[in-house]
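This briefing is meant to be read beside the sequence and the coordinates.

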Amino acid sequence: MTAVQKTSDEAEPRELRTVVPERSPVTSEQERIRIGMSLDQRITAPGAMAASVALGLLLGPVLGLISPGWVPLVSFVWFLGLFVVLVSLYENRTTVRDRFWAALLWSAGGVVVTVLFMVIGFVLLRGWSVFSHLSWHGWNHNFFTTDMGITGPLDPITKGGILHALVGTLEQIGIALFLTVPLGIATAVFLNEIGGRYARIVRTVVEAMTALPSVVAGLFIYGAVILLVTRQFNGFAASLAITVLMLPIMIRSADVVMRLVPGNLREAGLALGAGQWSVVRRVVLPTARSGLMTAIILATAHGIGETAPVLLTAGVTSNLNFNPFNGPQISLPLAALEFVKSPEPVMRARGFATAATLLLLVLVLFLLARLLGGQQAGQLTERQRRRRAARSEHDLERVEANYLAISQLLAETASPSTAAPAGPSRYLSSGESS
Amino acid sequence: MTTLTSDLDPGDFGEPRALTTRYSLTDRIFRGTSRSAGTFVLLVMVLVGGFLTAHAVRAISSVGVVKFVTTQEWSPETNHFGIAAVLTFTVLIAMVALTVAVPLSLGGALFITEIAPPRLKKIMTSVIDLMAAVPSVVYGLWGLSYLQNHVVGLSYWISTYFGWIPLFKVDGAEPGNPLPNTALYTSSTFIAGLIVGMMIIPIQTSMMVESFSRAPQGEREGAYALGATRWGVIRSVVLPFGKGGIIGGVMLGLGRALGETIAIYLIISPVFSVSFHVLQNGSNSVAAMIALRYGEANSFAMSALMAAGLALFLLTMAINFTASMIISRSRSGAESEV
């Protein structure tokens, strides 16, 4: 009663607003110096590059002095030499050395990118030749809708497909996710929210486990599950092996994400009287949600491509098997491996198409992770911010309704002299303006 | 000047109140659950080692540890097997991989942290992450049907001109022959090492990027103020600061390289006698041997494979723990870990 009267008497109602603090990433200090470049410096590198490519082409394809394999190497060495000479025309030795190393570092970055795109491009191209082959024979989905059960090694590409491997991969990764996600997030919560000496031991072990050789995980499940329990290859054992490999990746990235949740949010929750579990459920996990999604998706992308553990536990079959608990169940990477081991060109083509399918799956997952996880913990997208503002306005209405009801009640019961409080309308205006 | 003295007895402030936290039932359940999740993960790890040891005992005890480590052949059927050859090849492949991967990832990491403009920096980070997510079977396929054909020429060239170094010697090579027998140079340690090198670039790069980006801005600016060029800053501030990260990253990469299976399995043709000729056809690795042999194995042969797996497990774990210790002791890692 007194509290309400106090608020109505208060001269200056403070602006009530809760703002998630903006946090810059812990690691990157603001950069205050940026080295610029003059026009002369900017032109030197492209010029040297053009000259060296021209020289490589001249010596290789045109004059035939060197074999095509040497062209990139000769061009590169010539580029470095030419670049150094050009720079040293105007600059002193220290600058020349700086420019030389910068060129080398650029090339290192370039080589890494080139290699990655060569790998992806090559496999997708080889796989594409199979996919497009299918459409020449009329619209024929068989590659994705049939298994290899009745397909002989010499049958054309229009017969047989990888349905059995697709089903196997989906079931195995599904079971693995079902086990990994709760266990992984619970462990990450343990490492972050409870902590202590024991948690440090667990964290060290998890970190060591991220480098567990995949074949060793397969051997472990083979020894622990197949030899002791099931006595046959099956999909469930494969998903257990994938779980053993996915868990540490999942825990590590979830741990990193949760560490970025601002401590004052947690403390605000505790100060409002929430218990530890409420804070985790209502503050920490929602704040870290996008990061956790990224962690899950990236772990899936890793788990889906695991081959060695599946080889040791799932067994090889060319038949469709929906039951992961009984009988061998092949998955996409394993099917690609088996196809490629065959000497038949058609089989090898199927192998490349299978690998391309797998790679596309991984790429889609990766893009999804990037789209979802482009933001830091606690920072919201425009849509999320709007949704949260709407929810907060809704809360405000409820609070105001309660306030009005209570004050009316008080006005009726206690003292008729108390005027209707002016507070709510001011609250409303401040709420709408924000 | 007067000195103010407190009337209060200092003893009144002496003992802080003992704070006790009493958790509600929900919180106790929550703490118990998440603690048991952590325990479970720890248990899985212990179980991996435990099961491997339990299964390996039979094989190792039948030949003895010394013979197991020093024998080159692998024929459990005749009770004559050991990991000398496979382990040597595993280490050789890892060394080739490191030779390729360390300069590239060091350069890539410096490029990302020091040189790339902000937008390119983001793209490069994504590229490195994507590289880590590409399945190993895809790398293996690429190595088998693309890289191998293109690298054989390089192998031939190296062995022709540097064949006098034992490492690059190829038995049966005919340097004068205008049509060299390229089959001699396929499926070699060198090619397997190249592919594995590509696969460990991402882990090494991301470790190094993490430690380089922690180099204090003040020290960088200090170096610039003293007239250093960008390369000068890299050499005198960033590299010394990130030394722990470099060593740790390289060792993590080494651990990955030792454990890699499928790419090596696809490329090599297995041999079981130690040879240091990295360019020559025929190689092996512990992991690839396990993947090749598990199918035909009876229970004793399986136990022998478990023993090989145990050796690999212990080796990678030792390397990993050393790596994480180096990283956390170094200056750049000091703030990163709790």
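What follows is a short account of the complex, grouped by topic.

The model is predicted, and the predictor gives the complex an ipTM of 0.86 and a pTM of 0.82. The contact between the chains takes 77 residues from chain A and 76 residues from chain B.

**Confidence**

- Chain A has a mean pLDDT of 82, with 83% of its residues at 70 or more; within this chain, confidence is lowest in helix H1 (residues 2-9) of chain A, at a mean of 43, and highest in helix H6 (residues 163-194) of chain A, at 92.
- Residues 1-12 of chain A have pLDDT below 50, and beyond near neighbours in sequence this stretch makes nine contacts in the model; residues 418-434 of chain A are likewise below 50, and that stretch has 19 contacts beyond near neighbours in sequence.
- For chain B the mean pLDDT is 86, and 92% of its residues reach 70 or more; confidence in chain B runs from its lowest in strand E1 (residues 74-75) of chain B, at a mean of 86, to its highest in helix H3 (residues 84-115) of chain B, at 93.
- Over residues 334-338 of chain B the pLDDT stays under 50, and the model has two contacts beyond four places in sequence for this stretch.
- Where pLDDT is low, the predicted coordinates should not be read in detail.

**Architecture of chain B**

- Chain B comprises 12 helices and two strands, and from the N terminus on its elements run α-α-β-β-α-α-α-α-α-α-α-α-α-α.
- The radius of gyration of chain B is 27 Å, whereas the globule rule gives 20 Å for 338 residues, so chain B is more spread out than a compact globule.
- Taken along the principal axes, the C-alpha atoms of chain B fill a box of roughly 105 × 60 × 35 Å.

- Helix H7 (residues 197-209) of chain A and helix H1 (residues 25-63) of chain B have axes that come within 10 Å and cross at roughly 45 degrees, an angle that makes H7(A) oblique to H1(B).
- The crossing of H7(A) and H1(B) is left-handed.
- From H7(A), the residues Ala199(A), Val202(A), Val205(A), Val206(A) and Met209(A) meet Gly38(B), Val41(B), Leu42(B) and Met45(B) of H1(B); by class, the residues of this contact are eight nonpolar, one polar and no charged.

**Helix packing within chain B**

- The axes of helix H5 (residues 136-162) of chain B and helix H6 (residues 189-212) of chain B come within 9 Å and cross at roughly 130 degrees, which makes H5(B) oblique to H6(B).
- H5(B) and H6(B) pass each other in a right-handed crossing.
- On the H5(B) side the contact is made by Ser136(B), Tyr139(B), Gly140(B), Gly143(B), Leu147(B), Gln148(B), Val151(B) and Ser155(B), and on the H6(B) side by Phe190(B), Ile191(B), Leu194(B), Ile195(B), Met198(B) and Met199(B).
- By class, the contact of H5(B) with H6(B) has nine nonpolar, five polar and no charged residues.

Conventions
Residues are numbered from 1 along each chain as its sequence is written. Chains are lettered from A and ligands numbered from 1 in the order in which they are written. This is a predicted model: local features need pLDDT of at least 70, side-chain atom pairs count only at pLDDT 80 or more; totals for chains, interfaces and linings use all residues. Axes are lines fitted to C-alpha atoms, for helices over the stretch in contact, and angles run from 0 to 180 degrees between N-to-C directions. Helices (H or I, at least four residues) and strands (E, at least two) are DSSP runs, numbered from the N terminus. Angles under 35 degrees count as roughly parallel, over 145 as roughly antiparallel, 65 to 115 as roughly perpendicular and the rest as oblique. A crossing is left-handed if the near helix is turned anticlockwise from the far one by less than a right angle, and right-handed if clockwise. Two residues are in contact if their C-beta atoms, placed from the backbone, lie within 7 Å. Ala, Val, Leu, Ile, Met, Phe, Trp, Tyr, Cys and Pro count as nonpolar, Asp, Glu, Lys and Arg as charged, and the others, Gly among them, as polar. pLDDT is the predictor's confidence in each residue, from 0 to 100. The radius of gyration is taken over C-alpha atoms; the globule rule is 2.2 Å times the number of residues to the power 0.38.
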